[in-house]
Amino acid sequence: MTKTMSDPIQLIYAGGTFGSYGKPLAPLSADIFLPTLQKLLAEQGNTTGSPEISWLDNTLIKDSSQLTPVDFVHFYQLLLNAYNQGNKRFVLISGTDTLSYLGAFLAEAFAGSDICIVVTGSMRPLLDSEVIHSYDIDAHSDAWGNLNDSLKLAAAGESGVKISFGGESWPAQTVQKIHSHDLMAFTGHSRAAYPANSYIKNLSDTRRQHWLDDQQDLLPNIKASADQAKIHALYCLPNDVQVLNDQLQALLSQPSCGIILLGFGAGNIPYSTALAKTLDLVHEHGHMVISASQCPFGGVSDSYAAGSWQYDYHVIAGGRLTIPAIYARLLWLLLRYDSPARRRQRWLNNVSQPGTSIKKR
């Protein structure tokens with residue numbers, strides 16, 4: 001049965017700074033923090049008429065720097081099961097270290113649905129550690145504001161996965177963390193293409209069930225693949241090109257994986273005949289190599305000869321996709337498709353701006 005916009009927003013707590021307390025700061029256990037948060041939200045709802053909230057049980061609460069592909073699949077399955085029960089609106093509270101990665105992964109995984117997921121967190125804990133006799137909201141924290149903004153966004157119910165932080169919100173695959181401790185720690189943009197534009201405003205019950213059936217059929221294979229999924233990031237430095245060549249050569253013996261080449265500027269990579277041959281070998285071994293920029297904005301292009309040569313050797317341009325979004329897309333393709341050719345085909349078919357591919361030989 002299709003849920004209406006009057007149904008509760010499902011809130012998921014996954015850990016992070018948001019629920020930390022004390023001196024030194026440490027995460028509160030779920031059995032202490034969650035009732036405290038529930039009480040605070042109930043008090044707010046009684047005074048402001050905030051949307052009704054229910055809680056989605058989550059057994060995975062950990063520091064976000066410790067998250068792995070297996071954990072990402074855990075949250076995917078948790079949300080998928082709730083969506084299958086007719087719930088469409090969710091707020092996920094996570095730590096900020098990998099918040100953009102998790103959001104981008106969920107955006108990939110739920111493309112084609114009409115789910116609404118808002119991911120948020122905080123740079124300072126919700127609770128004031130100076131108050132030791134009760135759990136009070138820290139007036140200087142960004143946590144309460146981020147949560148309330150996210151709940152409002154979820155209440156609107158617009159399909160898609162968004163990240164809400166610091167008074168702004170963006171499509172999840174455009175977001176990156178740009179500051180290690182400032183409250184305005186994230187930024188993004190609204191000019192997102194796939195998968196942000198792949199969400200359906202309202203799916204019919206029949207189409208939604210078909211989407212869900214497809215996902216449920218794939219879920220066992222996705223879970224089984226999560227342990228083996230590997231994505232490597234190679235960061236270009238002003239070294240002899242042999243250093244990069246050696247790093248790629250070391251991956252030739254590994255099972256097919258994703259590789260992110262973090263080049264200079266618009267994706268410039270030092271050239272050598274040996275490196276070009278190695279990129280051909282990497283492709284033959286089933287690895288997907290994506291070109292990205294070390295710059296936080298702008299992405300890559302083929303305007304410079306110093307970067308364009310790599311696209312003749314099976315490297316795929318990441319366009320304007322962020323590093324978290326490239327990681328998320330590679331991970332989803334590794335989990336979702338069982339052959340390197342299908343993964344490559346899906347990347348090239350799905351990517352338009354900001355992830356435009358560059359034609360290869």
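Select Ser-164 to begin: leaving aside its neighbours within four places in sequence, this residue is in contact (heavy atoms within 4.5 Å) with Val-118, Val-119, Thr-120, Asn-146, Asp-149, Ser-150, Leu-153 and Ser-169. The model is predicted, so local features need pLDDT of at least 70 and side-chain atom pairs count only at pLDDT 80 or more, whereas totals for chains, interfaces and linings use all residues. Residues are numbered from 1 along each chain as its sequence is written, and side-chain values use heavy atoms, with hydrogens and water left out.

Ser-164 belongs to strand E7, residues 160-165; strands (E, at least two residues) and helices (H or I, at least four) are DSSP runs numbered from the N terminus. Is Ser-164 buried or exposed? Its relative accessibility is 3%, and Ser-164 therefore counts as buried; buried means under 20% relative accessible area, exposed over 50%, and partly exposed in between, with a 1.4 Å probe and protein chains only.

Next, select residues 245-344. The UniProt record, an unreviewed entry, places the feature "domain: Asparaginase/glutaminase C-terminal" here; such positions follow the numbering used here, feature names are shortened, and annotations may be inferred rather than shown by experiment. The span is 40% helix and 14% strand, and its end C-alpha atoms lie 22 Å apart.

Now display the sheet. Four strands form an open sheet in the order E11-E12-E13-E14, with parallel pairing; two strands pair if DSSP finds at least two bridges between them. Strand E11 (231-235) and strand E14 (316-317) are the edges, each pairing on one side only.

Select E13, residues 288-293. Six of its six residues are buried, so E13 is largely enclosed by the rest of the structure. Met-288, Ile-290 and Ala-292 point one way, while Val-289, Ser-291 and Ser-293 point the other. In a regular strand the side chains alternate between the two faces of the sheet.

Which residue of E14 is the bridge partner of Ser-291? The partner is Ala-317, and two bridges join E13 to E14 in parallel. Towards E12, the parallel pairing runs over six bridges, and Ile-259 stands opposite Val-289 of E13.

E12, helix H7 (residues 273-284) and E13 make a right-handed β-α-β unit: with the strands pointing away from the viewer, the path from the first strand over the helix to the second runs clockwise. Helix H9 (residues 323-336) lies across E11, strand E12 (258-263) and E13, running at about 160° to E12; axes are lines fitted to C-alpha atoms, for helices over the stretch in contact, and angles run from 0 to 180 degrees between N-to-C directions.
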